[in-house]
Amino acid sequence: LYISHPYLLEYYLINYLVVLNNFLYSSESINNLKELKYGVDLLVKAKRYLRTENEKTRYFFYQDNVVHYYNMTGDFNSAVKYCEENMIPQWEFYKDKVNALLQGEFVTYIATSYFGKKDYHSALKWLNKIYQEIKIENYPDVVLFCYMFYIIVHLELKNYDLIPSLLQSA
């Protein structure tokens with residue numbers, strides 16, 4: 001409907017973004033990279049229609065789909081480039097506009113991108129944001145994933161002296 005009638009985006013952009021985000025999530029869930037790429041391209045094109053602060057905030061957090069697509073396909077250079085050009089510069093402005101779960105997910109995608117590019121120091125920097133800035137203790141699955149990821153990053157950094165204490169405190 002929206003693709004056939006793009007003028008509708010000016011009036012119903014939030015609805016479009018929500019539907020598109022659901023489409024992207026579904027495509028990811030069944031590992032359909034072709035449909036995921038199609039949806040990511042639509043999301044990137046939708047940026048030109050943003051007007052209200054609510055639209056911009058939703059769009060900002062839905063961008064994690066773009067990064068997740070790059071990460072799923074192993075294109076970590078593109079993922080990091082997208083993060084550095086579109087997400088990281090605006091993080092401070094938008095981070096408090098959503099709940100801790102979305103913040104944690106968003107930051108984890110950025111950290112994963114750096115990890116995939118083998119930039120372990122940057123991955124650790126973003127993982128530290130989870131522990132220092134985001135209150136994720138109400139989401140035990142996220143806490144566990146981030147902690148395991150944190151240990152793996154330290155292993156890659158060859159911080160072997162930290163591993164026993166990190167494992168003991170887990």
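Biologist: Which residues form the aromatic cluster in this structure?

Modeller: In this predicted model, one aromatic cluster is formed by Phe60, Phe61, Trp91, Phe93, Tyr94, Phe106 and Trp126.

Biologist: How many aromatic pairs does the count give?

Modeller: Rings pair if their centres lie within 6.5 Å, and by this rule there are 13 aromatic pairs.

Biologist: Why is the pair of Phe60 and Tyr94 called stacked?

Modeller: The two ring centres are 4.6 Å apart and the planes lie at 20°. Planes under 30 degrees apart count as stacked, so the pair of Phe60 and Tyr94 is stacked.

Biologist: What makes this pair a tie between parts of the chain?

Modeller: Phe60 belongs to helix α3 (residues 53-62) and Tyr94 to helix α6 (residues 91-94), so the pair ties together parts 34 residues apart in sequence.

Biologist: How do you know whether Phe60 and Tyr94 are buried or exposed?

Modeller: Buried means under 20% relative accessible area. Phe60 has a relative accessibility of 1% and therefore counts as buried; Tyr94, at 8%, is buried as well.

Biologist: Why is the pair of Phe60 and Phe106 called tilted?

Modeller: The rings of Phe60 and Phe106 are 4.9 Å apart centre to centre, with 35° between the planes. Planes under 30 degrees apart count as stacked and over 60 as edge-to-face, so the rest are tilted. Phe60 lies in helix α3 and Phe106 in helix α7 (residues 100-116), so this pair ties together parts 46 residues apart in sequence. Phe106 has 0% relative accessibility and therefore counts as buried.

Biologist: What sits over the ring of Trp126?

Modeller: The charged end of Lys129 does, 5.0 Å from the ring centre.

Biologist: What makes helices α8 and α9 roughly antiparallel?

Modeller: The axes of α8 (residues 120-133) and α9 (residues 140-156) come within 10 Å and cross at roughly 150°. Angles over 145 degrees count as roughly antiparallel, and α8 and α9 are therefore described in that way. Residues making the contact include Leu124, Leu127 and Tyr131 of α8 and Cys146, Tyr150 and Val153 of α9. The crossing of α8 and α9 is left-handed.

Biologist: Why are α7 and α9 called roughly parallel?

Modeller: The axes of α7 and α9 come within 12 Å and cross at roughly 20°. Angles under 35 degrees count as roughly parallel, and α7 and α9 are therefore roughly parallel to each other. This crossing of α7 and α9 is left-handed.

Biologist: Which residues meet where α7 and α9 are in contact?

Modeller: Leu101, Thr108, Ala111, Thr112 and Phe115 in α7 meet residues of α9, among them Phe145, Phe149 and Ile152.

Notes:
Residues are numbered from 1 along each chain as its sequence is written. This is a predicted model: local features need pLDDT of at least 70, side-chain atom pairs count only at pLDDT 80 or more; totals for chains, interfaces and linings use all residues. Side-chain values use heavy atoms; hydrogens and water are left out. Rings of Phe, Tyr and Trp (its six-membered ring) pair if their centres lie within 6.5 Å; planes under 30 degrees apart count as stacked, over 60 as edge-to-face and the rest as tilted. Helices (H or I, at least four residues) and strands (E, at least two) are DSSP runs, numbered from the N terminus. Buried means under 20% relative accessible area, exposed over 50%, partly exposed in between (1.4 Å probe, protein chains only). A charge sits over a ring if NZ of Lys or CZ of Arg is within 6 Å of the ring centre and within 35 degrees of the ring normal. Axes are lines fitted to C-alpha atoms, for helices over the stretch in contact, and angles run from 0 to 180 degrees between N-to-C directions. Angles under 35 degrees count as roughly parallel, over 145 as roughly antiparallel, 65 to 115 as roughly perpendicular and the rest as oblique. A crossing is left-handed if the near helix is turned anticlockwise from the far one by less than a right angle, and right-handed if clockwise. Contact means heavy atoms within 4.5 Å.
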